[in-house]
Each structure stands twice: as C-alpha cells, then as structure tokens.
Amino acid sequence: MTLLRVENLVKSFPTGYRSPPVTVVKGVSFTLDRGEILGLVGESGSGKSTTARCVARLLPADSGRVVLDGRDVLGASGRELRSLRRDMQMVFQDPYSSLNPRMPVGEAVSEPLLVHGLVTGRAALRRRALELLRMVGLEEEHLDRYPRSFSGGQRQRIAIARAIALEPKLLICDEPVSSLDVSVQAQVLNLFHDLRERLGLTILFIAHDLAVVRHLCDRVAVMRGGEIVEIADSDTLYDNPTHEYTRSLLAAVPIPDPRRERARRGVGTG
Amino acid sequence: MTELLTVRDLRVDFDTPSGPVRVIDGLDLTVAPGERVALVGESGSGKSVTAQAILGLLPTARVTGSVRLDGQELVGASRRILRQVRGNRIGLVFQDPLSSLNPVMTIGRQVMEPLLIRGVRRAEARRRAIDLLARLGVRDAARRFDDYPHQFSGGMRQRVVIAIAVIAEPDLLIADEPTTALDVRIQAQVLSLLDEIAAERRMAVLLITHDLGIVAGFAQRVVVMYAGREVEQGPVDEIFGRARHPYTRGLLAAVPRIDERHQGRLPTIGGQVPTPAQRPDGCAFHPRCSSTVDACRSEVPLLLPRAAAHRVACHVATRHAEQVTEV
Ligand SMILES: Nc1ncnc2c1ncn2[C@@H]1O[C@H](COP(=O)(O)OP(=O)(O)OP(=O)(O)O)[C@@H](O)[C@H]1O
Ligand SMILES: Nc1ncnc2c1ncn2[C@@H]1O[C@H](COP(=O)(O)OP(=O)(O)OP(=O)(O)O)[C@@H](O)[C@H]1O
Ligand SMILES: [Mg+2]
Ligand SMILES: [Mg+2]
C-alpha cells in the first residue's frame, strides 16, 4: 500500500542578480509503502535535503506532485495543509539546535499536542509526554530536566519523541545519526527499528553512512546531481549495484575489518 | 624501536566552577617514526583534550606528566619551543576545521604559510600548495587559490586544513576527526593520500576518529580511551579480532557493517560515558559492564601485561574466570 508518491519533483534556487537559477532537484520520483523505510543517499550537494524539504512543504517546489495518503501535498492549503503537516514530521541532524534550551524536555515533547489542540490539561499532557519519553527509552525522572543535561543520543531521542507525538504517518529524517558516535548511533537506529515495528511508522531516511542505511532501510535511492540514478531494495542495491556511480560509492565505504580493508585498499601495514 | 612521541602518565585538570576536574587521568601513549596510531572512544572520553595537551594548547589547564618528542620535553616547555614544534615537527588538524581557518586570508596564502615561514620562496611555495590541494581532490586548485574560506564548501575547507597541516612535512600529524565532513568517496581519496604522504616521508600519524571502518583501514595500532583513561591498546588486527575489554567489544559490536545483511536491532552499550567530575570509582566502565567482580568497583585496573603489544585494563580479562559474577 503506497503511502507517499513523489512524481517529477523539481526545485531550483536563484543564484543572484541576472544569473539564471540553478536547478538542484531535477525531476525526482519515488514511492514509499506504508511501514517501509526508504534510504536516500548520495554525495554532498546532490539534493537529498532539498528533496526532503520540498516533500515536507518546508520549501516550495517548482513543479511536480507529492501525494500523501491520497492527499495532494504541494497544492494543499489551510486546514488540509495543517492536517498534512501533522502527518509528516521531520528529524534533523543536529540534536542540539533542534530543542529549545529553556524548555524542560517533558514540555518540549508534548508541545506539538498542545499546539494542535489534541490534548489539553497539564496532567494529560504530562502523561502523554511520559508515554512518549518511555517510547524512546527515557524515564519519568527526565521529564523536568532541560536539554543541556542530556547526552547527544538522548537529545536525538527526545527530538524523535517530539516528532512522533502527533502520530505522524511519515517521518522524514535528515542525517539523524550523523553527529552521534557509534554506541549512541546504535541506540537511535534501534529506536527507529522499534518504532517501525510497533507503530508501523513509514520513514524516509537520509544518511551518508551507507552501512547504516543498509542496516536500517528496506529500499535505497541513490541521488546524484539532483536525480535519482538508482533505486532498489537494499540487498539488491548493495549486492548488485547496476549504476556505475552506486558502485563507486559502495567501493569507498570502509569496512571495520583490518584484513579486508588492507586487501581492498591495497596498502601494506606492519 | 625508538619512539618519536612518548607520553607518560599524562594528567589534565581543568578548573571548573565546582572545583578542579581531572579530564585525563594517567595516559601513556607512544608513536614510533612513521607509525599510524588510532585513538578511539566515545564522545567525551578525552581524545581531543589529549591531542591538545600533547601540543601545549591548553593554557588554562593544569597538565602534568611527560610528553617527549624525540626526547625533547614538551610539558612545561616555553611558548617559543612549542610554537616551533607545532610549525615544524607536528602538524595538527583540529576537530572543528571550519573555525581553524582565517576568514579574511585567502586559501592559498594559508596553505603556503608554513612553507613561507620556513623560508621557501613564494613561487615554489605556490607550486607546492597548488599541487597538494589538487592531490587532495580540490578541483581547479590553481584558479581557486585566491578564494576566501567562505567560498569553499565544508568538505573543501576540511581538505584545506589537512593541506596546511601536512605541507611542511611534519614528523607527526595529529588529525582529530579529519574526514567527518567529507562524503565517502572524498574521504577515501583523502585517506589514501595521507597513506601515501605518510609512507613517502615517514610521517607518523595519530588519528582520532569515531569511525572504526577508517581505523581498520588506516591504523597499525589502536588505543581505546574511556573516561580519560586508556582501557586497551594493541595492533589493529588484535583489537578488531580479539578485543579483550568489554568496552572495546561493545564499540565494535555497535557498528553496522555494509557487508552484512543484518536487519533488526544492534547490540548497544547501556548507559553513557560519565562526566569527568562523576567518574566512578574503580574501573570507570563498571556501571555499564555486564560482567564485573568486586575489584571493578574499588580498584582502578592496570594495563596488563605491561610490556605486551596488546594490553588491557580490565580485572575480569586479566584475572580468573571463576570469580566472574553475572550482574
Ligand atoms: N537555500 C538555498 N539557496 C541556494 N542554493 C541552495 C539552497 N539550499 C541548497 N542549495 C544548493 O542545492 C544543492 C543541493 O543541496 P542539498 O542541501 O539538498 O544537498 P544534500 O544532498 O542534502 O547535501 P549534504 O549531503 O551535504 O547535506 C547544493 O548545491 C546546495 O548548495
Ligand atoms: N576547557 C574545558 N574545561 C572543562 N572540561 C573540559 C574542557 N574541555 C573538555 N572538557 C571535558 O573533557 C572531557 C573530554 O573532552 P574531549 O573533547 O577530549 O572529548 P572527545 O573524546 O574528543 O569527544 P568527541 O568524540 O565528542 O570529540 C569532556 O567531558 C569535556 O566536557
Ligand atoms: Mg543534506
Ligand atoms: Mg573530540
């Protein structure tokens, strides 16, 4: 069952007085099934974040179609747009800047519910905040603490708790683990995995670490220069990449195994 | 083998509003000429502070112990000597490369600077700088030589910082997360260039990174840090193949691998790195460890066996198995 359909998405940016705009997303199309995790990879500047932001309506697209759950995203306005915004939430790379330092995390997590008028009353909000924090592996004692007293991984989990507060249908994650070290990264990846299992969440997952993407994603799209050059289910893409660019990306990924790395890079050690 | 760099019992204390805090607690480290050593550990374990202490870049901290470069003591050395060492003998890539460039000086001037200081003539310095930038994959290096840092992308600036660190051919390069802002293909290119330079000029490298994939391909020896102390060190094959410290094993297990069809949950290390002010007694890792003995809670484990290439600071790994209690 298709949840999200993106067709021929195009986005350009102005480059200044009298120079022509530069097109950075050049007709991107893909679909996401309900409960599926799609990885979006490709070199820096290839247009991954811009694609995600257009899909989430954080940026206006030039043209194309985005359909979420049968509803047109790019043309929506008013109530329709508000409801779409609720159904699509984003998680960003930097867990430090995405939380208000002066708001206790319990409030931060339940704020979207208050804003959308879905839960009212302090006690009810607090109860829901605790449920959400528990979902991401935090506890009651954390409710009244401020972001600065949490580690990077905890902050990212708080940002995720906030993003799932509205029970979105689609979670768009732009490099959500790139600033985390391996142990914390593993905690956050497990959380995404659990959320999909438990809530049936559908996730568009942008990352530059191709090993992380293989681990988490069912399907992977490879972007280059504003276009998707290859899209396939993970094992097919990783075991039998068809596009030359995909092959060169995969060939560059280091493997945490010294013997294989030496063999692969042809360097002698010792 | 005579060492190029010898760090003995390094301790670093910072003054904080709530009193002095020991961030590095008795670190030993050696790097031989031409050797490539990786320093790994979770965020906050003290990797960057170690690098800064080696270079005398912590004016406000209390640094004790010994740091010798070819026998010359750097702890307590004069600023003149330290500046000389940093300019000529040790190249440094800071963890935050973007803030270490001068925004009002051209890229080219900054890359040439270490050569000009050494008296290399301008035309020659320019030629070598352009050549190095090109080898690091900066396209149109000659044309972009007079650009300013803000005109370069994050990845390009990171390569400029690497160029500045290696252009004067130091004996030792200390590189703190040098490839984090780079995409995998550029990262591979930069690492193989560092490989080449290290081999050509017998430059030793102390590489600080989170990325165990990079460590596997680049380092000969690995030093694992936890909460300001060394918990294990050994040849790269030993660490990846026969890690003995539960912390090292936990780190290795948490890394997803591109060559494995693994779906599902990854093993994680519960809890988090303690802050230096709240370092637990005994083995600092014991609250997160799944197999502990009484000694873990009271005695700081020593790195054993002392003279061995592969050493571990873990009571359980170095004592009898029957004393192990599962927690
Ligand atoms: N607001 C903007 N104005 C002008 N150009 C922009 C703007 N945002 C992005 N771009 C350009 O669009 C291109 C694509 O950027 P985007 O951020 O989508 O890349 P990305 O694939 O997410 O890269 P990265 O992996 O580095 O995050 C880049 O060349 C970028 O410089
Ligand atoms: N100037 C300072 N004053 C007080 N504490 C400090 C200071 N600089 C660093 N620390 C503390 O020292 C510890 C080690 O920090 P360091 O930056 O060396 O960690 P790291 O291993 O490099 O981590 P990362 O992987 O995140 O870069 C941290 O707990 C940090 O908060
Ligand atoms: Mg991006
Ligand atoms: Mg650091």
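**Core, contact and ligand shell**

Modeller: In this predicted model, the largest nonpolar core has 175 residues, and those with the most contacts inside it are I172(A), L204(A), F205(A) and A163(B).

Biologist: Which helix gives the largest share of this core?

Modeller: The core draws on residues of both chains, as I172(A) and A163(B) show. Its largest share amounts to eight residues, and these come from a helix of chain B spanning residues 154-166, namely α5.

Biologist: Which residues does I172(A) touch, leaving aside those up to four places away in sequence?

Modeller: I172(A) is among the residues with the most contacts inside the core. Once residues up to four places away in sequence are set aside, its partners are A52(A), V55(A), A56(A), M88(A), M90(A) and L204(A).

Biologist: Which element gives the most to the shell around ligand 2?

Modeller: Of the 14 residues around ligand 2, those that come nearest are F14(B), S43(B), K47(B), S48(B) and V49(B). Both β1 (5-16) and α1 (47-54) of chain B supply at least two residues of this shell. With three residues, the element that gives the most is α1(B).

Biologist: How many residues of that shell are polar?

Modeller: The shell around ligand 2 includes four nonpolar residues and one charged residue, while the polar ones number nine.

Notes:
Residues numbered from 1 in each chain as written. Chains lettered and ligands numbered in written order. Predicted model: local features only at pLDDT ≥ 70, side-chain atom pairs only at ≥ 80, totals over all residues. Near = placed C-beta within 6 Å. Helix = DSSP H or I, 4+ residues; strand = E, 2+ residues; numbered from the N terminus. Nonpolar A, V, L, I, M, F, W, Y, C, P; charged D, E, K, R; others polar. Core = buried A, V, L, I, M, F, W, Y, C linked by C-beta atoms within 7 Å. Buried ≥ 20, exposed ≤ 12 C-beta atoms within 10 Å, placed from the backbone. Contact = placed C-beta atoms within 7 Å.
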